Amino acid sequence: MTTYAKVKETLVSLEGAKATVDTYGQIVQDKTVRNVFRRSSDQLDRVIERLKKRLRELELEEPQYRGF
Amino acid sequence: MVPDWVQIVLRSIGFFVLLLLLSRMLGRKVAARMTLFDVMYAIVLGMIATAVSLKIVANAVYGFIALLTWGLVGVGLTFLSMKSKAVRDFLHGREAVVIKHGKIMEEQLKKMRFTPEDLLQQLRAKQIFNVADVEFAVMESNGEINALLKTDRQPVTPHHLGLQAAPETGTQTVIIDGNIMDEPLFTMGLNRGWLKTELKKIGVAPENVFLAQVDSRGDLYVDLFDDAILPPEPTARQLLLATLEKAKADLNSFVLDSGGQETKTMYRQCVREMESLLYDLRPLLK
């Protein structure tokens, strides 16, 4: 598997995980726990943003991956 | 003159209702925690009612007066004992320390008419077979013994191990006997739509569910009428944890694979972010 595909795979699974974390943040009753989920969601957002940026860089370096 | 048997039926019904009312007025505490006084009181009430029903006391009015007197005195004393500690101690007795600093207080045991065998039996009922493990034990006013174990004999809790544990705010039963319970659903902040989606996810019709519970983390447990069908265990949380762990491992491998220094630093930041959120989430998702 190429680097591009690997990064893309990680990105997608992180996006899925973030959606799950968000749902838990909605369901959970306890306030402190809800805050933990919210904070984690923000952290995941930052990681996801970084990976997206890296993917754009990779697309520039190796244009054949564009659109994948 | 009314025949005997009719009188007995009438008296029984009358005193049944009277006892029911009286026991309502006496509150629930009696059944939950009977002290010697409570037991004697209940026996007296029962005996008066029996005596009148069976015509041992010929005059029903006398029986009625006796029962009412006892009943009202009882209600009065319950009220007083709620107000005053002295009345409580007098009526129900005080708790007594029977083991102190690991030593049995023989004098106290004798005062309570408790034999060593009784003490051992009560301790065994609490899974304590070794008196040496007990630091402190109290006999409550109802004769029950509660013991505090020595610190090194106490069961380990997450607190002792310095672990975080996810708080549990209680489980709600959302389906009983195939019927959806709306109120518990609402208290969890959920609705029928959510429940139906969750059931669809595991491929079960609501009518086929005997019992369903939602825990504070939003996991659904179901028991079906048809025990041959095995519903999947809730695994969403473990799955999420595994996904996050895998993503962290992937990011770590990207650090090694990537060439540029800048890219390496970026991935390292990602790994650090993942480590911190995994530290927070792990206790919640286990």
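**View 1. Strand β5 (residues 172-176) of chain B is joined to β6(B) by two bridges, and the two run antiparallel.** B:I176 sits opposite B:N179 in β6(B). Strands here are DSSP E runs of at least two residues, helices are H or I runs of at least four, and both are numbered from the N terminus; two strands pair if DSSP finds at least two bridges between them. This is a predicted model, where local features need pLDDT of at least 70 and side-chain atom pairs count only at pLDDT 80 or more, while totals for chains, interfaces and linings use all residues. Residues are numbered from 1 along each chain as written, chains are lettered from A and ligands numbered from 1 in the order written, and side-chain values use heavy atoms, leaving out hydrogens and water.

**View 2. Zooming out gives an open sheet of four strands in chain B, ordered β6-β5-β7-β8 with antiparallel pairing.** β6 (179-180) and β8 (220-224) stand at the edges with a single partner strand each, so one side of each has no neighbour in the sheet.

**View 3. Helix α3 (residues 36-53) of chain B has the span you'd expect.** Just past α3(B), B:K55 takes a positive phi of about 60°.

**View 4. B:L20 lies in helix α1 (residues 4-26) of chain B.** At 46% relative accessibility, B:L20 counts as partly exposed (buried is under 20%, exposed over 50%, partly exposed in between; 1.4 Å probe, protein chains only).

Methods:
The expected span of a helix is 1.5 Å times one less than its number of residues.
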